[in-house]
Amino acid sequence: MATLACDYSFARPSPAAIKAAGYVGVLRYLSTTANKNPSVSERDALFAVGLGIGLAWETTSTRATQGTEAGVSDARAAVAQADALGYPHSCPT
């Protein structure tokens, strides 16, 4: 049996609808675009219906080609945003 996770960025489907559609979790994005990022209240609503959350850092399509310094900077920014969200260190980022 497949395990399904829902991937979204700017849209905000209701956690209950995501759960009712058969998903067990969501993939959300951390970025330099504030309205793309999950909020603490969204995190709480997802957890309240039993959905897991995976996080991915995403900025531009060419960011990965910008070298080690860009990668280190992005990693630091992603960890800071995940920490501000209260994202457990034991979960994938």
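I started with what helix H2 packs against: its buried residues touch helix H1 (15-20), strand E2 (25-30), strand E3 (52-57) and helix H3 (67-85). For contact I took heavy atoms within 4.5 Å. Helices (H or I, at least four residues) and strands (E, at least two) are DSSP runs, numbered from the N terminus.

Housekeeping: this is a predicted model, where local features need pLDDT of at least 70 and side-chain atom pairs count only at pLDDT 80 or more, while totals for chains, interfaces and linings use all residues. Residues are numbered from 1 along each chain as its sequence is written, and side-chain values use heavy atoms, with hydrogens and water left out.

Next I looked up which residues of H2 (residues 40-48) are buried, and got Glu 42, Arg 43 and Leu 46. Buried is under 20% relative accessible area, exposed over 50%, partly exposed in between (1.4 Å probe, protein chains only). The three sit on the same side of H2 because they cover an arc of only 100 degrees around the axis, taken from the directions from the helix axis to the C-beta atoms. Ser 41 and Ala 48 are exposed on the other side of H2. Just past H2, I noted Gly 50 with a positive phi of about 85 degrees.

Then the strands. E2 and E3 run parallel, paired over 6 bridges (DSSP has to find at least two bridges for a pair). I checked Arg 28, and its bridge partner in E3 is Leu 55.

Last, the core. The largest nonpolar one (buried Ala, Val, Leu, Ile, Met, Phe, Trp, Tyr and Cys joined through side-chain atoms within 4.5 Å) has 13 residues, with Leu 46 and Leu 55 among those with the most contacts inside it. H3 gives the largest share, 3 residues.
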